[in-house]
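Dear colleague,

Please find below the structure for your review.

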Amino acid sequence: ISLNPSSVESGDNLWNITTDGIEMDSSRVAIRRFAVRSDSQELFLDGIASRNEKDSVHMSLHNFSLAPFTQITSQIGYDVNGRTNGYATLHSAMKNPRIDARIEMDSVTVSGVAVPNLLLTSQWDFGRSRASLDITTRNEGKRVIQGYFAPSQMRYYARMQTGGVKM
């Protein structure tokens, strides 16, 4: 797939979309320097999605708004806003996928209520074949959400602890 640099307008934002190319066949998708930018926001993808354990797709976020996710959360009654910075890497995306992530969330509000600055981390647990999920407050290091996702079973679990977290 060959894409020319283009722009998309959404609300008040003009998004510039660029890539050095995307190649697809029956066994893999190669993404070369795909970027979506608007003012100071950036989402960047690069890598290969395949069945090979050595292949991975890396996503990085810079000052990226959570607003696009509001379309999902608003369906269950929550308006979520804020900014993200960090990365996620998806290994072996098409067979037994694994994910590692470290994403900082700043200036988050949920339905108008301010939430402390948060850190989302995720690492693959090889012994249990699942990805861990931890969300902690960045300043105090208090755990807010702990859980996991097991893709082979399509099972997820999350426990939220808000005691002692100033909101």
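**Salt bridges and surface**

Arginine 143 is partly exposed, as its relative accessible area is 38% (buried means under 20% relative accessible area, exposed over 50%, partly exposed in between, with a 1.4 Å probe and protein chains only). The side chain of arginine 143 meets that of aspartate 134 in a salt bridge at 3.0 Å, N to O (a side-chain nitrogen of Lys or Arg within 4 Å of a carboxyl oxygen of Asp or Glu). Aspartate 134 is buried, at 16%.

This is a predicted model, in which local features need pLDDT of at least 70 and side-chain atom pairs count only at pLDDT 80 or more, while totals for chains, interfaces and linings use all residues. Residues are numbered from 1 along each chain as its sequence is written, and side-chain values use heavy atoms, leaving out hydrogens and water.

The whole structure holds 7 salt bridges. In one of them, glutamate 42 pairs with arginine 37, with the closest N and O atoms 2.5 Å apart; arginine 37 is partly exposed, at 31% relative accessibility. Another joins the side chains of aspartate 106 and arginine 138 at 2.3 Å, N to O. Aspartate 106 counts as buried because its relative accessible area is 16%, whereas arginine 138, at 32%, is partly exposed.

Threonine 84 is buried, with 5% relative accessibility. Its contacts (heavy atoms within 4.5 Å), not counting residues up to four places away in sequence, include Leu61, Phe64 and Ile103.

Yours sincerely
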